[in-house]
Amino acid sequence: MRINLLSNATKFTKNGTISLCVSRRQDGDNPASVTLSVADSGTGLGLVIARYFCQMLGGDIDVTSTAGQGSKFTITLPDRPEKAKAAIRTRLPAAAAAEFF
């Protein structure tokens with residue numbers, strides 16, 4: 001997903017800037033997560049497939065956009081692979097989840 005967001009930012013930002021920020025976050029008793037943000041000064045991309053994959057991995061994607069100024073896409077995912085695997089198993093039928101592992 002990160003690669004898709006970066007390639008789309010590159011594709012749609014002819015003259016401008018693109019940035020990638022990565023952070024790990026722990027909020028009190030909530031599980032730790034990893035956040036990846038791609039910001040550009042161009043226009044955004046379709047979020048349907050990216051959001052589907054993020055949610056399937058137990059996370060989500062958010063976008064903020066200002067016309068003529070650019071967009072920022074933020075992905076938040078569980079920080080541990082086993083948490084993502086558990087999220088996939090609960091969101092997919094058993095046969096489909098088995099194909100991932």
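Is Arg 51 buried, exposed or partly exposed? In this predicted model, Arg 51 counts as partly exposed, its relative accessibility being 38%. The close-up views below take up the charged pairs and then the cysteines.

**View 1. Asp 60 and Arg 51 are joined by a salt bridge.** Side chains of opposite charge can pair when their charged atoms come close.

**View 2. Asp 79 and Arg 24 form a salt bridge.** Here the closest N and O atoms are 2.6 Å apart, and the pair links distant parts of the chain, with 55 residues separating the two partners. Asp 79 sits in the loop between β4 (70-78) and α3 (81-91), whereas Arg 24 belongs to strand β1 (residues 18-25). Asp 79 is buried, with a relative accessible area of 13%, but Arg 24 counts as exposed, with a relative accessibility of 53%.

**View 3. Cys 21 is partly exposed, and Cys 54 is buried.** For Cys 21 the relative accessibility is 47%, a value that counts as partly exposed, whereas for Cys 54 it is 0%, so that this residue counts as buried. The structure as a whole holds zero disulfides.

Terms used:
Residues numbered from 1 in each chain as written. Predicted model: local features only at pLDDT ≥ 70, side-chain atom pairs only at ≥ 80, totals over all residues. Heavy atoms only, no water. Salt bridge = Lys/Arg side-chain N within 4 Å of Asp/Glu carboxyl O. Helix = DSSP H or I, 4+ residues; strand = E, 2+ residues; numbered from the N terminus. Buried < 20%, exposed > 50% of the residue type's maximum accessible area, 1.4 Å probe, protein only. Disulfide = S-S within 2.5 Å.
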